[in-house]
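Subject: Structure for your review

Hello,

Here is the structure I said I would pass on. My notes on it follow below.

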Amino acid sequence: MTGQAMSGLAGNLTRISLIGPMGIGKTTAMRSLCGELMASTDVPNLDRSAHAKAFTTVGAEFGEIDLGGGERLQLVGSPGQDRFDFVRQWVLAGSVGVLLMLDLNQASALDYAQQSLAAMARLERPPTAIALSCRDCSAQQQQDFSAALTAQGHGVLPLVPADPRERAQLLDALDVLVSLLLLQSQE
Ligand SMILES: Nc1nc2c(ncn2[C@@H]2O[C@H](COP(=O)(O)OP(=O)(O)OP(=O)(O)O)[C@@H](O)[C@H]2O)c(=O)[nH]1
Ligand SMILES: [Mg+2]
């Protein structure tokens, strides 16, 4: 990671949120990035028809990354279940940047991305988003996804591969997002 780029923004950048469908790995990514420096809101998952995993997030989860020099980046994870859409809206409204986590193998990924970007665009201060491709997929799938989003009028959304379990990959993705934010702040 270019800690330099991140440090350059830390004065202004307060919050980056993670959104994505249930089970994509938002909480996993928060743990990978923040370790002990996070507060989780996971509870036993009673909706095994939606996803088979044992736990699910029911509120906002907060974490921090220490950038050194006393500067910290705040990360906010969100719940993936549809019924917590109001929490997602609240999290997005308070974020400068967004990691939109997706599995491009899922037929619903494009709709999910489109709806999320539309929701962000409606906010008074829309955050800047990049998409994370969180599961193995082909270059063709990535191209098709990007082309379809662009065709729907969402502009060019950077798409970065990142396994939620791999801290280094997540830091690389954060680096892309922070660089974008830096560019925008200089415009
Ligand atoms: N195969 C695979 N499994 C993953 C990956 N990332 C996370 N998992 C697993 O998938 C499950 C779901 O992870 P969570 O982090 O709870 O997902 P979430 O997005 O927070 O889900 P909600 O809070 O319910 O919306 C966990 O059992 C993880 O170990 C991945 O990249 N590949
Ligand atoms: Mg979660």
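**Ligand shell, a helix pair and one glycine**

Helix 2 is the element that gives the most to the shell around ligand 1, with 3 residues. Please keep in mind throughout that this is a predicted model.

The shell holds 18 residues, of which G25, T27, T28, T57 and G80 come nearest to ligand 1. Two elements give two or more residues to it: helix 2 (26–34) and strand 4 (55–57). By type, the shell around ligand 1 has 8 polar, 5 nonpolar and 5 charged residues.

Next, the helix pair. The axes of helix 4 (residues 109–121) and helix 5 (residues 139–151) come within 11 Å, and they cross at roughly 40 degrees. Helix 4 is therefore oblique to helix 5. The crossing of helix 4 past helix 5 is right-handed. Helix 4 makes the contact through A109, L110, A113 and Q114, and helix 5 through F145, A148 and L149. Of the residues in this contact, 6 are nonpolar, 1 is polar and none is charged.

Last, G20. This residue sits in the loop between strand 1 (15–19) and helix 2. G20 counts as buried because it has 27 C-beta neighbours inside 10 Å, where 20 or more are required. Apart from neighbours within four places in sequence, G20 is in contact with K26, G80, L100, M101 and L102. G20 and L99 are 79 residues apart in sequence, with a C-alpha to C-alpha distance of 8.3 Å.

Regards

Methods:
Residues numbered from 1 in each chain as written. Chains lettered and ligands numbered in written order. Predicted model: local features only at pLDDT ≥ 70, side-chain atom pairs only at ≥ 80, totals over all residues. Near = placed C-beta within 6 Å. Helix = DSSP H or I, 4+ residues; strand = E, 2+ residues; numbered from the N terminus. Nonpolar A, V, L, I, M, F, W, Y, C, P; charged D, E, K, R; others polar. Axes fitted to C-alpha atoms, helices over the stretch in contact; angles between N-to-C directions. Parallel < 35°, antiparallel > 145°, perpendicular 65-115°, else oblique. Left-handed = near helix turned anticlockwise from the far one by under 90°. Contact = placed C-beta atoms within 7 Å. Buried ≥ 20, exposed ≤ 12 C-beta atoms within 10 Å, placed from the backbone.
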